[in-house]
Amino acid sequence: MTPPLLAPSILAADYSRFGEEALRAERAGGDWLHVDIMDGHFVPNISFGPEVTAALKRSTRLPLDVHLMIVRPDLYLDRFIKAGASRISVHVEASHEVAATLRRIREAGLGAGLALNPKTPMEKVEPFLAQADLVLCMTVEPGFGGQAFLHEVLDKVRAFALHPTRRNNPYRIEVDGGIDAATAGQSAEAGADTFVAGTSLFASHDMTRDLAAMRRCVEEGLRRFEKTEIGV
Ligand code: DX5
Ligand code: ZN
């Protein structure tokens with residue numbers, strides 16, 4: 001089984017104690033820390049930028065999984081690379097040359113992620129699949145935490161999971177938005193292996209327990225996926 005990875009999203013943390021919150025996610029057993037960057041144009045909300053990302057880097061040893069929801073990701077790549085990102089995901093709907101942006105991320109030695117909104121068809125992303133280390137399937141409309149998971153995205157998750165390109169370039173499939181233990185399990189059953197969770201984890205009084213529960217649901221889901229879709 002592909003080892004599943006759980007990425008608490010700092011967007012849902014207490015902003016007056018950012019460093020401690022990053023550490024809470026680390027101590028609770030998170031694998032990556034998901035960092036949502038919003039510019040108020042690509043999405044109708046503003047979050048934070050490279051300086052805050054660099055401060056998070058100083059607060060935790062977790063790899064930073066940076067998700068750029070900005071109109072011109074190409075103009076800001078260098079700043080997030082310098083801030084200490086381990087991987088950077090950019091949206092296929094943003095205004096940039098997607099292939100060139102992915103190439104630059106990989107050339108800098110980082111994981112390159114390609115993100116797509118719930119209504120964006122897989123075909124938009126297909127030409128770039130060989131260049132991506134991760135496909136980020138939004139399971140809510142991007143912009144805000146705390147929204148309800150969109151089950152209709154699961155067919156796309158399954159199609160990415162079973163896509164022939166994945167045999168030569170085994171990219172991860174990340175789901176982001178409305179993820180709790182139940183929806184993480186359902187996504188795993190459709191072939192997702194990487195799970196972003198903001199509200200469900202940071203609102204928890206026992207993140208260690210809730211992360212462990214999520215991991216169990218995910219492992220069970222992935223086992224079902226492998227049995228039904230791959231026959232192992
Ligand atoms: C939404 C962001 C998500 C967000 C998820 O635009 O991309 O990463 O943090 O938050 P929850 O888990 O609360 O839906
Ligand atoms: Zn995100």
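This is a predicted model: local features need pLDDT of at least 70, side-chain atom pairs count only at pLDDT 80 or more; totals for chains, interfaces and linings use all residues.
View 1. The shell around ligand 1 comprises 20 residues, of which S9, D36, G143, D176 and T199 come nearest. Sorted by class, this shell holds 8 nonpolar, 10 polar and 2 charged residues.

**View 2. Polar contacts made by oxygen atoms of ligand 1.** The side chain of S9 places an N or O atom 2.8 Å from an oxygen atom of ligand 1, and a polar side-chain atom of H34 is found 3.3 Å from an oxygen atom of the ligand. With G198 the contact involves the backbone, where an N or O atom lies 2.8 Å from an oxygen atom of ligand 1. Taken on its own, ligand 1 has 380 Å² of accessible area, and the protein covers 99% of that area.

**View 3. Strands that contribute to the shell.** Three strands, β2 (33-38), β3 (64-69) and β8 (194-197), each supply at least two residues of the shell around ligand 1. The strand that gives the most to this shell is β2, with 3 residues.

**View 4. The largest pocket, in which ligand 1 sits.** Ligand 1 sits in the largest pocket of the model, and the volume of this pocket is about 280 Å³. The pocket is lined by 24 residues, and those closest to its centre are F144, G145, G146, D176 and G177.

**View 5. Composition of the pocket lining.** The strands β2, β3 and β8, together with the helix α8 (199-202), each supply at least two residues of the lining of the largest pocket. When the lining residues are divided by class, 11 are nonpolar, 11 are polar and 2 are charged.

Conventions
Residues are numbered from 1 along each chain as its sequence is written. Chains are lettered from A and ligands numbered from 1 in the order in which they are written. Side-chain values use heavy atoms; hydrogens and water are left out. A residue is near a molecule or strand if one of its heavy atoms lies within 4 Å of it. A polar contact is a pair of N or O atoms within 3.5 Å; within protein, one must be able to donate a hydrogen and the other to accept it, and residues adjacent in sequence count only if both atoms are side-chain atoms. Accessible areas come from the Shrake-Rupley method with a 1.4 Å probe; for residues, only the protein chains shown count as cover. On a 1 Å grid over the protein atoms alone, a cavity is a set of points where a 1.4 Å probe fits but cannot get out, and a pocket is an open set with protein on both sides within 12 Å along at least five of seven lines; lining residues have an atom within 4 Å of a point. A molecule sits in a cavity or pocket if more than half of its atoms lie within 2 Å of its grid points. Helices (H or I, at least four residues) and strands (E, at least two) are DSSP runs, numbered from the N terminus. Ala, Val, Leu, Ile, Met, Phe, Trp, Tyr, Cys and Pro count as nonpolar, Asp, Glu, Lys and Arg as charged, and the others, Gly among them, as polar. Grid points are joined across faces, edges and corners, and a volume is the space filled by probe spheres set on the points.
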